[in-house]
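Here's a quick walk through the model, starting from a loop and working towards the helix packing. Keep the viewer open as you read.

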Amino acid sequence: MIQSEIFNIPKEKSSLVGVVSGSSRNADCPVASPRPFLKWVGGKTQLLEQFAQLYPQQLKERKIDKYFELFLGAGAVFFDVIQKYPIDKVFLNDINQDLILSYRVIQNNADNLIESLFDLQQNYHQSDKERRQQIFYQIRQNYNQQRINFDYSQISSESIKRVAWLIFLNKTCFNGLYRTNQKGDFNVPCGRYKNPNICNQSNILAVSKVLQQVTLQSGDYSSLDKFIDNRSFVYIDPPYRPIKKTSSFTTYAKSGFSDRNQIELSKYYQHLSKNYHAKVMLSNSNPHNTDIEDDFFHNLYQEYKITEVYAHRMVNSDASKRGKITELVITNY
Ligand SMILES: C[S@@+](CC[C@H](N)C(=O)[O-])C[C@H]1O[C@@H](n2cnc3c(N)ncnc32)[C@H](O)[C@@H]1O
């Protein structure tokens with residue numbers, strides 16, 4: 001069963017609006033532009049310039065006042081939209097409970113999180129290669145053990161510890177991946193970054209600030225349905241349909257995301273368009289990159305506008321055979 005929880009924190013509870021309090025480390029911290037604080041498979045940072053051309057015109061005309069992201073991940077598009085356009089209400093969702101927990105802790109407890117990350121960073125940076133590996137595998141073990149019976153419904157010192165571990169693992173693991181096995185255990189090995197930026201204080205503070213009025217939810221993509229209306233912009237970035245049979249990029253969550261899930265999602269896209277008249281933008285891999293006859297998405301979304309954008313990821317692991325590939329952006333406007 002998917003657990004859905006809505007957390008809407010009133011602004012007064014935040015200590016992070018304006019001057020930051022609670023930690024001497026934060027006192028003179030410069031204000032940064034908020035950007036993804038995690039590296040996530042399928043992150044859209046590289047595509048933002050092309051995406052911006054495809055946002056609905058109504059955003060600029062202030063005819064849209066709600067923004068939804070249903071498969072949040074690292075949230076690159078959210079950070080872009082929120083900084084460019086005046087949006088009254090933001091709703092963010094992802095099925096990954098640990099991911100949403102990290103946004104919630106940054107929303108409510110950024111100061112404490114920074115303290116924990118600062119300590120982890122100091123310890124890691126001061127250690128030699130061998131000790132770094134020991135630290136990494138110890139934290140990975142702690143993180144996986146803590147998941148058993150973990151209470152995601154409220155924020156406690158355990159949540160802050162967990163999110164600090166999650167960010168630490170993301171910054172120090174091989175390739176900055178987030179990957180879990182069938183059991184749900186994080187299983188990426190130790191990476192070899194020389195000076196990983198484990199405690200990016202200014203970004204965490206900036207992210208915390210933009211999250212103050214945001215509703216965060218961990219559930220299936222349809223769980224924000226009741227909030228969507230004709231003044232909403234909805235961005236949908238499901239796990240990629242694999243462009244090669246061997247690609248494992250579709251298994252983000254324990255359940256994975258099959259072609260059947262993609263078909264169901266296309267029906268949900270129709271529902272948002274036809275029943276709610278929301279502006280909807282969806283991105284996915286382009287099957288034409290590897291098979292020109294594979295019209296999977298063109299058939300599913302034949303009523304809508306399909307634009308190709310250039311992606312920076314590669315189809316072929318052999319560098320000499322790599323070419324430019326495209327992704328699809330499907331809009332109902
Ligand atoms: C492509 S990633 C999102 C990338 C993100 N937009 C970015 O820029 O980093 C897909 C996300 O979908 C989430 N996900 C998978 N199945 C889901 C479902 N049924 N409902 C909601 N989220 C889901 C995964 O946890 C993952 O974080």
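Asn175 sits in the loop between H6 and H7; helices here are DSSP runs of H or I with at least four residues, strands are runs of E with at least two, and both are numbered from the N terminus. This is a predicted model, in which local features need pLDDT of at least 70 and side-chain atom pairs count only at pLDDT 80 or more, while totals for chains, interfaces and linings use all residues. Residue numbers start from 1 along each chain as its sequence is written.

Asn175 has a phi near 65°, a positive value in a residue other than glycine. It counts as exposed because it has 11 C-beta neighbours inside 10 Å. The scale for that: with C-beta atoms placed from the backbone, 20 or more others within 10 Å means buried, 12 or fewer means exposed, and in between is partly exposed.

His277 also has a positive phi, near 55°, again in a residue other than glycine. Look for it in the loop between helix H8 (259-274) and strand S6 (279-285). With 14 C-beta neighbours inside 10 Å, His277 counts as partly exposed.

Now for the overall picture. The protein chain has nine helices and eight strands, and 36% of its 333 residues are buried. Among contacts with a separation of 6 or more, 74% are between residues 24 or more positions apart; a contact means that two C-beta atoms, placed from the backbone, lie within 7 Å.

Two packed helices are described by the angle between their axes and the distance between the axes. Here the axes are lines fitted to C-alpha atoms over the stretch in contact, and angles run from 0 to 180 degrees between N-to-C directions.

| Helix pair | Axes come within | Crossing angle |
|---|---|---|
| H4 (residues 97-125) and H6 (residues 157-172) | 7 Å | roughly 65° |
| H4 and H7 (residues 201-211) | 8 Å | roughly 140° |

That angle makes H4 roughly perpendicular to H6, whereas H4 and H7 are oblique to each other.

In the contact of H4 with H6, the H4 side includes Leu101, Val105 and Leu113, and the H6 side includes Ile160, Val163 and Phe168. By class, that contact has twelve nonpolar, six polar and three charged residues. Nonpolar covers Ala, Val, Leu, Ile, Met, Phe, Trp, Tyr, Cys and Pro; charged covers Asp, Glu, Lys and Arg; the others, Gly among them, are polar.

For H4 and H7, the contact residues include Tyr103, Ile106 and Leu113 of H4 and Ile204, Leu205 and Leu211 of H7. They divide into nine nonpolar, three polar and no charged.

H7 is mostly covered, with eight of its eleven residues buried. Lys209 is one of the buried residues, as is Gln201. The buried residues of H7 pack against H4 and strand S4 (214-217).

Back on H4, which contains Asp119, that residue counts as partly exposed because it has 13 C-beta neighbours inside 10 Å. The C-alpha atoms of Asp119 and Ala164 are separated by 9.9 Å, with the two residues 45 apart along the chain.

Conventions: Angles under 35 degrees count as roughly parallel, over 145 as roughly antiparallel, 65 to 115 as roughly perpendicular and the rest as oblique.
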